[in-house]
Amino acid sequence: EDQFIADPEYLVDSVRSLQRLGAHVVLDDIGFGQSSLEALVVLEPDGVKMDQRVIRGAATSPAKRRQLERIVKIVNSIGAVTVAEGIEVAEDLKVVQDLGIPFGQGFLWDRPQ
């Protein structure tokens with residue numbers, strides 16, 4: 001969760017080996033902080049979890065929505081499945097749905113006990 005991939009090239013062979021064995025590789029927290037678009041493009045994961053900071057407020061911030069749209073285009077271009085983290089309000093869920101993101105998680109549905 002807290003690992004920074006400075007140079008994702010050194011992981012390519014390992015990721016491909018795992019995928020050949022049937023494992024699904026998912027990159028977490030894409031869109032902010034230590035995540036890397038280079039890792040997304042180079043590693044071609046099977047799935048991507050969008051960082052909650054990209055999702056929260058996407059309905060009210062045109063800049064966030066544009067950022068989310070761009071990342072979704074890249075994810076779709078590599079054929080990965082997207083999960084939106086941090087969905088807390090119905091308006092952000094609507095943006096996620098409008099962009100075709102098939103999976104989501106967040107406090108909109110329930111808070112942990």
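In the predicted model, the largest nonpolar core comprises 26 residues, and V48, M50, I55, L68 and I101 are those with the most contacts inside it. At least two residues of this core are supplied by each of α1 (12-20), β1, α2, β2, α3, α4 and α5.

The protein contains 5 helices and 4 strands. From the N terminus on, these elements follow the order α-β-α-β-α-α-β-α-β. The radius of gyration is 14 Å, close to the 13 Å given by the globule rule for 113 residues, so the protein is as compact as a globular protein of that length. The C-alpha trace spans about 40 × 35 × 25 Å along the principal axes. Of the 113 residues, 35% count as buried. Among contacts with a separation of 6 or more, 51% are accounted for by residues 24 or more positions apart.

The 4 strands form an open sheet in the order β1-β2-β3-β4, with parallel pairing. The edges of this sheet are β1 and β4 (103-104), each of which pairs on one side only. Between β1 and β2, the parallel pairing extends over 3 bridges, and V26 stands opposite G47 in β2.

Within α4, the residues L68, I71, V72 and V75 are buried. These four residues lie on the same side of α4 because they cover an arc of only 105° around the axis. On the other side of α4, by contrast, P62, R70, K73 and S77 are exposed. The cover over the buried residues of α4 is drawn from both helices and strands, including β1 (26-30), α2 (37-43), β2 (47-50), α3 (52-55), β3 (81-84) and α5 (90-98). Just after α4, G79 adopts a positive phi of about 80°.

Conventions:
Residues are numbered from 1 along each chain as its sequence is written. This is a predicted model: local features need pLDDT of at least 70, side-chain atom pairs count only at pLDDT 80 or more; totals for chains, interfaces and linings use all residues. Side-chain values use heavy atoms; hydrogens and water are left out. Buried means under 20% relative accessible area, exposed over 50%, partly exposed in between (1.4 Å probe, protein chains only). The arc is that of the directions from the helix axis to the C-beta atoms. Contact means heavy atoms within 4.5 Å. Two strands pair if DSSP finds at least two bridges between them. A nonpolar core is a set of buried Ala, Val, Leu, Ile, Met, Phe, Trp, Tyr and Cys residues joined through side-chain atoms within 4.5 Å. The radius of gyration is taken over C-alpha atoms; the globule rule is 2.2 Å times the number of residues to the power 0.38.
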